[in-house]
Amino acid sequence: METTHGRTGALMAVGSMISVQLGLAIAVTLIEDVGVEGVAWLRLAWAGILFLIIVRPRRTAFTRRSFLMCVLLGIVTAGITMLFMAALDRIPLGTASALEFLGPLAVAVARGRGQGRWVWPGIAAVGVVMLTEPWSGAVDPVGVAYALAAAACWGGYILLTQKVGDQVTGITGLAVSMPVAGLFATIVVGPGVVGHLTPHILLIGLGLAVLLPVVPFALELLALRRLTTAAFGTLMALEPGFAMLLGFVVLHQVPGPLGIVGICLVVAAGVGAARTGARAAPVPLEVG
């Protein structure tokens, strides 16, 4: 049973990462029109609206503690999105991705068990470095700070998402956290973006929100009910690999030898994490 839970959780995590990368491909088309902050805001605002319409959360689905946890998750979710987009405005995607992965990697090491907990994250870390080659090109210290802040938010997001998934049934927790994330983003960057919006951009933003973050965040929440945070954190190392693969297929960016070796390493680490990181069983709680 645990192996089945682990495989299901791993498939959900992989589906989430693919959706994220497709969403980023669409996001590139909007950056020139509304900027990186505008893209982040569109994703979060639309996602919040969609989750409210689709899920329609009931008050009885939450305790006071679980509701506050959902609110905190929403703030952290907004932080990841806006900080990472701000980092991309200053440093290369590869460098930003490598730095942001430090968050899930830290969770994988901190929450793992036994001496083996260092093996898969270690392999994944080497693979990510080879994939992204962060040593190439000049690095903006402000951009690095943004990426490291996003990494810290990502680590907190993993821990909070698992707790919310354990305490609130299904994806109901996201019907609170995503509107909170959208509201937070609106307060921070919304006023500077609204003037640049057109019906066409709003429509693209709606499609973008479905791919990133509605589908991936829902899959991640469900995956974290089946995987340990250590396994999930290591599985996230697969994301740079998907990014490179889609970059090759969609953007015709050919990976070098180091990138190919890096993909092999992160895939190996992801498989190893999934095989050893299943939780005993999903544990949703129905309140009321």
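Colleague: Which residue forms a salt bridge with D140, and how far apart are the closest N and O atoms?

Modeller: The partner is R90, and the closest N and O atoms are 3.4 Å apart. Keep in mind that this is a predicted model.

Colleague: Where do D140 and R90 sit in the chain?

Modeller: They link distant parts of the chain, 50 residues apart. D140 is in the loop between α5 (119-132) and α6 (141-167), while R90 is in the loop between α2 (64-88) and α3 (93-100).

Colleague: How many salt bridges does a search of the whole structure find?

Modeller: One.

Colleague: OK, stepping back. How many helices and strands does the protein chain have?

Modeller: The chain has 11 helices and zero strands. Of its 288 residues, 50% count as buried. It exposes about 13,000 Å², with carbon and sulfur atoms supplying 70% of that area.

Colleague: What share of the contacts join residues at least 24 apart?

Modeller: Taking contacts between residues at least 6 apart in sequence, the share is 91%.

Colleague: Let's go inside. Which residues touch the most other members of the largest nonpolar core?

Modeller: Y157 and M178, in a core of 68 residues. Helix α1 (residues 2-55) gives the largest share of this core, with 18 residues.

Colleague: What does M178 touch, not counting residues up to four places away in sequence?

Modeller: M178 touches L44, A47, G48, F51, T77, P213 and F217. There is also a second, separate core of eight residues, with F84, A87, V144 and A147 among them.

Colleague: Take V188. Where is it found, and how exposed is it?

Modeller: V188 is in helix α7. Its relative accessible area is 48%, so it counts as partly exposed; the cut-off for exposed is over 50%.

Colleague: Now G190. Where is its place in the chain, and is it buried or exposed?

Modeller: G190 is in the loop between α7 (174-189) and α8 (199-223). It counts as buried because its relative accessibility is 2%, and the cut-off for buried is under 20%.

Colleague: What is G190 in contact with, leaving aside neighbours within four places in sequence?

Modeller: W41 and A185. G190 and W41 are 149 residues apart in sequence, yet their C-alpha atoms are 6.7 Å apart in space.

Colleague: Last topic. Which residues does UniProt list for "transmembrane region"?

Modeller: The entry, which is unreviewed, lists residues 12-32, 38-55, 67-87, 142-160, 172-194, 200-223, 230-251 and 257-274.

Note on methods: Residues numbered from 1 in each chain as written. Predicted model: local features only at pLDDT ≥ 70, side-chain atom pairs only at ≥ 80, totals over all residues. Heavy atoms only, no water. Helix = DSSP H or I, 4+ residues; strand = E, 2+ residues; numbered from the N terminus. Buried < 20%, exposed > 50% of the residue type's maximum accessible area, 1.4 Å probe, protein only. Contact = heavy atoms within 4.5 Å. Core = buried A, V, L, I, M, F, W, Y, C linked by side-chain atoms within 4.5 Å. Salt bridge = Lys/Arg side-chain N within 4 Å of Asp/Glu carboxyl O. Areas by Shrake-Rupley, 256 points an atom, 1.4 Å probe, with all protein chains shown as cover. UniProt positions renumbered as here; feature names shortened; annotations may be inferred.
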